[in-house]
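This report goes through selected parts of one structure, element by element. Please keep the sequence and the coordinates at hand while reading.

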Protein chains: 2
Amino acid sequence: MDNSRRNLTLEEIGRIAGVSRSTVSRVVNDLPNVRPEIRTLVQSTIEKTGYLPNQAARALASRRTGLIGLVMPTGVDELFGDPYYSALVHGIQEGCSEVGSVFSIFPVYEKQGQTTVLSTLVAQGFVDGVIATAGQRSDDLISALRDRGTNVVVVGHPADSRNIRRVDVENRIGSAMAIEHLIGAGRERIAFLGPTAAHIYGTERLDGYRQALDSAGRTIEAGLIELQEPTVEGGYRGLVALLRHRPDAVHVATDTMALGALQALRDQGRTVPDDVAVVGFDGLPAALETSPSLTTIVQPVSDVGRTAVHLLLDDERASDVVILPTRLRLGASCGVSNPV
Amino acid sequence: MDNSRRNLTLEEIGRIAGVSRSTVSRVVNDLPNVRPEIRTLVQSTIEKTGYLPNQAARALASRRTGLIGLVMPTGVDELFGDPYYSALVHGIQEGCSEVGSVFSIFPVYEKQGQTTVLSTLVAQGFVDGVIATAGQRSDDLISALRDRGTNVVVVGHPADSRNIRRVDVENRIGSAMAIEHLIGAGRERIAFLGPTAAHIYGTERLDGYRQALDSAGRTIEAGLIELQEPTVEGGYRGLVALLRHRPDAVHVATDTMALGALQALRDQGRTVPDDVAVVGFDGLPAALETSPSLTTIVQPVSDVGRTAVHLLLDDERASDVVILPTRLRLGASCGVSNPV
DNA sequence: CAGTCGCCTGGGAGCGCTCCCAGTTTTAGG
DNA sequence: CCTAAAACTGGGAGCGCTCCCAGGCGACTG
């Protein structure tokens with residue numbers, strides 16, 4: 001391999017191999033209509049010269065870059081450490097390699113006009129499309145991208161979801177499953193502990209809770225519903241508040257909160273699942289390591305990432321919203337023995 | 001703002017404003033030689049039309065993209081959760097906004113030929129330059145990038161550092177400071193607990209330990225040197241092993257290992273700093289929250305990131321290697337009262 | 001009032017690629 | 001062996017921008 005500074009062009013490779021720019025282009029892009037021996041010849045001169053196509057020129061001519069961006073309006077501090085994002089990134093990565101794109105994370109800080117900076121970059125030519133996660137801080141950005149005509153797919157449910165393609169999970173059905181499971185386990189006073197109303201997924205999960213109780217003919221007791229920040233601390237506080245209303249089960253709408261809730265139950269001398277059964281939501285890895293292990297509603301985070309990539313690159317626009325199913329994963333925290 | 005699908009071009013903006021493509025370009029790029037009233041006029045039509053320059057065309061013509069990439073050959077799982085990376089990313093982000101570049105993280109998985117994929121992307125036109133962190137897994141990649149002629153700056157010390165611009169910290173001097181501090185505190189049997197030899201920074205820190213003891217006229221006892229994986233567990237194991245040689249102080253060469261070491265000391269019934277003084281290395285946030293709080297050698301991670309960006313974009317190539325100083329931060333784990 | 005300089009302005013010439021079409025060669029068919 | 005179709009090949013015409021140069025114009029000089 002030649003380590004020359006300057007990069008060669010298609011034209012030059014063609015000159016060396018004794019063919020035209022077009023033929024070299026066909027070989028590089030693996031297109032048909034090249035005689036096998038010519039193809040081999042060209043391939044070997046590409047190899048020999050260490051030629052790499054210029055992405056800028058390619059992007060300009062073809063109007064595609066082969067780059068997909070994940071914008072993260074959450075600070076990097078949150079990103080680093082949240083297992084949800086880790087799984088999501090994995091899924092996106094997988095999806096990208098399936099479609100032959102490259103994947104890159106654009107961390108966005110909220111300082112002055114960063115949103116502007118971002119849409120500038122993203123809007124024109126840098127990327128083929130953008131995946132963004134819904135959340136209070138990103139919703140403005142998402143709307144801005146949509147209004148700019150940027151190819152964007154949202155993970156989750158932004159406040160303004162008009163005209164936005166998105167991938168989400170069955171929040172409502174998932175939480176309903178959790179409640180049905182607890183009812184099936186003979187629980188009478190089932191509480192809900194979830195994130196504040198600012199988080200749309202939380203509202204959806206609360207809806208599922210309400211619907212499931214309703215369908216079972218139970219009354220919904222306001223005191224058995226507690227909303228807190230979706231953090232470990234929020235879970236702890238929320239559970240302490242709930243205990244005053246003597247629940248015998250609680251559906252904690254995020255596993256992170258469930259971690260706090262389990263700790264609170266321990267500190268308050270309640271045993272899980274005997275005194276209080278717990279069912280989480282999310283299916284984070286940490287939920288497998290609690291004691292007792294957490295029964296939870298698993299969302300297919302990795303599939304969400306993969307699906308987002310495909311949706312982003314799907315020209316046919318088969319569907320604008322894809323909702324992926326959630327499933328119940330039994331642990332020991334709900335008082336039901338593991339399935340066969 | 002007009003949300004038309006198709007993006008306008010410089011030429012079209014010019015036509016609307018009644019000026020030429022060149023003048024619009026001057027306004028967009030904030031170049032001189034435009035009459036103020038014309039500038040205002042053009043700016044307002046740009047505003048009105050929502051025009052954004054095409055980055056691909058710009059990159060092709062100017063040979064610059066304004067994008068800086070951080071390649072992460074460590075799996076995303078490691079990345080997510082390592083506070084070192086979090087600080088580094090912050091620093092790079094800062095540096096980028098200082099020079100007006102955009103910053104993007106390229107996660108690289110080690111699957112088949114990902115290295116190839118990466119250098120393809122990175123080598124041509126996508127980015128102006130790449131920042132890579134040194135480490136066993138990334139060293140091949142770094143060499144490959146260098147050989148391709150990619151503009152690259154390495155953070156840390158790769159195995160093969162010939163012809164590579166890099167930013168590093170004073171590992172040797174830092175550890176020497178730690179030892180001098182412990183000597184000054186009256187410690188007699190000072191141990192070293194660091195990462196295995198595969199980690200070059202660890203070797204440098206061990207060198208600092210040796211030099212400082214040497215300068216103080218002390219003998220170096222092989223049993224007081226212990227190398228383990230640079231994890232919390234490694235720190236725990238390493239400290240347990242060291243205790244057989246009755247140290248009254250230990251310099252743990254990474255704060256992560258120090259976390260494990262402190263736990264081990266606690267489990268073994270030793271008090272810190274009375275029985276064993278501890279000085280760490282890195283200055284991670286977690287070191288502030290241990291009990292007792294960890295005295296440690298702080299490396300300016302954020303500055304490392306900023307410096308890397310400037311080095312990457314520095315045409316003059318003022319210097320090829322920048323070594324940033326480390327400093328001692330006093331905690332309670334070394335048995336010296338806090339400074340005034 | 002001519003000459004010079006500076007500030008502006010417009011347009012040509014690419015950057016290296018893709019896309020498309022017109023040619024040329026090969027292959028198959030009659 | 002001729003012809004039609006298929007397979008292959010080369011080059012023109014951009015993609016939208018930057019860079020550079022030539023020219024226009026007003027202001028200042030002597």
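The model is predicted.

**The sheet of chain A**

In chain A, 6 strands form an open sheet with mixed pairing, in the order β7-β6-β8-β9-β10-β12. Strands β7 (225-228) and β12 (327-329) of chain A stand at the edges with a single partner strand each, so one side of each has no neighbour in the sheet. On average, neighbouring strands of this sheet are turned by 20 degrees against each other, direction ignored.

Helix α10 (residues 200-215) of chain A lies across β6 (190-195), β8 (249-252) and β9 of chain A. Relative to β6(A), helix α10 of chain A runs at about 170 degrees.

**Strand pairs**

Strands of a sheet pair through backbone hydrogen bonds, in either a parallel or an antiparallel sense.

| Strand | Partner | Sense | Bridges |
|---|---|---|---|
| β9(A), residues 277-282 | β10(A), residues 295-298 | parallel | 4 |
| β6(B), residues 190-195 | β8(B) | parallel | 4 |
| β8(B) | β9(B), residues 277-282 | parallel | 3 |

In the chain A pair, Phe281(A) stands opposite Ile297(A) of β10(A). In chain B, Ala249(B) of β8(B) is the bridge partner of Ile190(B), and Val250(B) stands opposite Val278(B) in β9(B). From β8(B) the chain crosses to β9(B) through helix α12 (residues 255-267) of chain B, and this β-α-β crossover is right-handed.

Strand β8 (residues 249-252) of chain B is covered on both faces. Ala249(B) and His251(B) are buried on one side, and Val250(B) and Val252(B) are buried on the other.

**Helix α4 of chain A**

Which residues of helix α4 (residues 55-62) of chain A are buried? They are Gln55(A), Ala56(A), Arg58(A), Ala59(A) and Leu60(A). The cover over the buried residues of α4(A) includes α4 (55-62) of chain B. Just after α4(A), Arg63(A) has a positive phi of about 65 degrees.

**The surface near DNA strand C**

Around DNA strand C there are 25 residues, of which Thr9(A), Leu10(A), Ala57(A), Ala61(A) and Ser22(B) come nearest. Two or more residues each are given to this surface by α2 (21-28) and α4 of chain A and by α2 (21-28) and α4 of chain B. The largest share, 5 residues, comes from α4(A). By class, the surface near DNA strand C has 11 nonpolar, 10 polar and 4 charged residues.

Note on methods
Residues numbered from 1 in each chain as written. Chains lettered and ligands numbered in written order. Predicted model: local features only at pLDDT ≥ 70, side-chain atom pairs only at ≥ 80, totals over all residues. Buried ≥ 20, exposed ≤ 12 C-beta atoms within 10 Å, placed from the backbone. Contact = placed C-beta atoms within 7 Å. Pairing = 2+ DSSP bridges. Axes fitted to C-alpha atoms, helices over the stretch in contact; angles between N-to-C directions. Right-handed = clockwise from strand over helix to strand, strands pointing away. Near = placed C-beta within 6 Å. Nonpolar A, V, L, I, M, F, W, Y, C, P; charged D, E, K, R; others polar.
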